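You asked for a short note to go with the structure, for someone seeing it for the first time. The points below are numbered so that they can be taken up one by one.

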Amino acid sequence: MSESLTFSIQKMEYEGLDREIKRTMRRSARDAVQLGYMLRQMAEKKIWAAAFDSFDEYLSRELCMDYTMASRFMNINRKYSVSGESMEIAEEYEEYSQGLLIEMLNMPPELEAGVTPDMTVKQVREIKKQAKAERKASVQPQTEEKETVIDGEYREIEEEEIFATSQPEKDRMHDENWFVRQYIKMMPGEASSLFEICRKEQNNSDRAKSVQKFIAPYGLHANSSSEYDFTFHGFVAGMDFRIGDEKIHLKYGRFVVELMKLMDEKSLPEEKLSAYGLPKTVYPEGSLITTAGRGHKYNCFSCAQDCVIRQKDRYCDEAPMGNPFPCTTMHVLENIRSELEGTCQFINLDMAEHILGKDPEPCCKNCDNESCGYRCRRSINKMNTEAADSDLMPKDGLAVTKYILKQENKTLDDMLKFNDLPEMTVLKQKTIVAALAAMVCDLEAAESAPEPEPQPGLPILKNNDQRKQWLGDYKTWGLWYRDENIDVNYYKYDFEDGSRLVVAEYPQRQCYWKKNKIEDEHFYHLLQAGKEGYKFNYNEKYRNSTDSETYLVDFLKNLRKKK
């Protein structure tokens, strides 16, 4: 296969590479090497993340293949391709079948040399079986040799095999204990949870299974940087660690054995936890997140708990984010605890202000104990200022709003003098000032608005002609309001029984059956109080319906009778 095709595979996106993998899933040795190469590209570059949450999910849902089978093909590519990093099968293996390559994966070189392309899989297994029997016979009876478990050797494993290490010690400078120590050192947040699992479970087999379920429940979990890679697979596949240039493959059982050793060492101090029972938050090297806290859940700058692993001062509630300063009361908690016992918000957080989804927020400015000797200076100044302001503040609504607007405007002017304040902080203050200014305008307009004229009294209407004339003279009631959008004038009359008559006037309208005549139109809407309904009475509200002149005349007649 040409170098251009290899380059093309390396540049493929998810859909193209997935399609090529499925096309290549055949039975020849050459295709197995090519398939392994593409699976390695999909896994190592995490191309699967375009459509799935994990590599295992991609294998099972798209290829109907488990991780062990995929691992076989990837190991075939590593062992039988040219240079171990290409799509081209090495010349000496071109005549072998795919089944033979799989059987040869875990064979030592001296046995592999005896395998020829014309052999069957059954013959190769027989060679392996005889070699294993010879090894057992050559060792002492009390020594039991364990077969090396190669990553990708998929079969039902025995209990003792879950504690095996797949990489020979001669290929490593450091042992398993060193690798696990490095993991604990670099991943203290995850390590604390793993230690807790080891304490709870009764034996190493249960510990291994619980650790796998915790750290890689979906078959793949990884932490990596330029210095290290920690990759956890499914329970059978185990884990791959890289520290610098050194690599190791561990089973979960061996991993928990080394964790238990570290727990038993006296030199390993018990990790200190926060007031919430969580460890200190530790971010990977190079992380852009640096917020001090614990358990990736609580932040020190907003927490008022008395904590043994506090990394940063709690901010004062009055401190702007552009220039934060600490809460001084947090530094005298021991004195408060001994003298005030449970009467202080800082000691008894149940007394503090609580907002859903946030930490309790104790603050001296919210405390009623004005004689407390531990009140912070800022709360005392605020209390004195508010007392002075209450004496100077005007009493009527418009004057109070103008006074508050003046104070907020001064705050905005102070903010604008500093160029380093957050943009959102300044925008929030501008919004407050603008809202107060609009409120002042509304209040001034309301005060300057003329008093509405009283409606004329209802005259004594002795007959229907007088009633009709009164209805026609609706303009004498006074204009109620006008809708400029649709050019409609509204007039109303409120009766003593609580009923209201609304007249909607449509000036200078042309009717569709009157070609050259334009005239005013008006419609009556009676909102009758105590109107008779079906087995009940009710107070009528405005509806899109009109009342006839005859009905209104009868209403006025009955209204006089009620009087």
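**Notes on the predicted model**

1. Aromatic pairs. The model is a predicted one, and 27 aromatic pairs are counted in it. One of them joins Trp-470 and Tyr-493, whose rings are 5.1 Å apart centre to centre, with 85 degrees between the planes. The pair is edge-to-face, because an angle over 60 degrees is classed that way. Trp-470 belongs to helix α17 (residues 464–472) and Tyr-493 to strand β8 (residues 488–494), so the pair ties together parts that are 23 residues apart in sequence.

2. Burial of that pair. Are Trp-470 and Tyr-493 buried or exposed? Trp-470 has a relative accessible area of 10% and is buried. Tyr-493 is buried as well, with a relative accessibility of 3%. The cut-off for these calls is that buried means under 20%.

3. A second pair. Phe-536 and Tyr-538 also form an aromatic pair, this one tilted, with 5.9 Å from centre to centre and 50 degrees between the planes. Phe-536 is partly exposed at 47% relative accessibility. Tyr-538, at 31%, is likewise partly exposed.

4. Aromatic cluster. Which residues form one aromatic cluster? They are Tyr-183, Tyr-228, Phe-230, Phe-232, Phe-235, Phe-241, Tyr-252 and Phe-255. Phe-230 returns in point 8, as a residue that Ala-222 touches.

5. Overall make-up. The protein contains 18 helices and 12 strands. It has 563 residues, and 36% of them count as buried. Among contacts with a separation of 6 or more, 47% are between residues 24 or more positions apart.

6. Cavities. How many cavities of 30 Å³ or more does the protein have? The count is four. The largest cavity holds about 120 Å³ of space. Its lining is made up of 14 residues, and those nearest the centre of the cavity are Leu-340, Cys-344, Cys-364, Cys-367 and Cys-372. By residue class, the lining of the largest cavity has nine nonpolar residues, four polar and one charged.

7. Ser-54. Where does Ser-54 sit? Its place is the loop between α3 (29–44) and α4 (55–63). Ser-54 is buried, with 4% relative accessibility. With neighbours within four places in sequence left aside, the residues in contact with Ser-54 are Trp-48, Tyr-218 and Leu-220.

8. Ala-222. This residue is part of strand β1 (residues 221–224). Residues up to four places away in sequence are not counted here; beyond them, Ala-222 touches Lys-46, Phe-230 and Thr-231. Phe-230 is also one of the members of the aromatic cluster in point 4. The C-alpha atoms of Ala-222 and Met-239 are 9.6 Å apart in space, and the two residues are 17 residues apart in sequence.

Technical notes
Residues numbered from 1 in each chain as written. Predicted model: local features only at pLDDT ≥ 70, side-chain atom pairs only at ≥ 80, totals over all residues. Heavy atoms only, no water. Phe/Tyr/Trp six-rings, centres within 6.5 Å; stacked < 30°, edge-to-face > 60°. Helix = DSSP H or I, 4+ residues; strand = E, 2+ residues; numbered from the N terminus. Buried < 20%, exposed > 50% of the residue type's maximum accessible area, 1.4 Å probe, protein only. Contact = heavy atoms within 4.5 Å. 1 Å grid on protein atoms, 1.4 Å probe; cavity = no way out; pocket = protein on both sides within 12 Å on 5 of 7 lines; lining within 4 Å. Points joined across faces, edges and corners; volume = space filled by probe spheres on them. Nonpolar A, V, L, I, M, F, W, Y, C, P; charged D, E, K, R; others polar.
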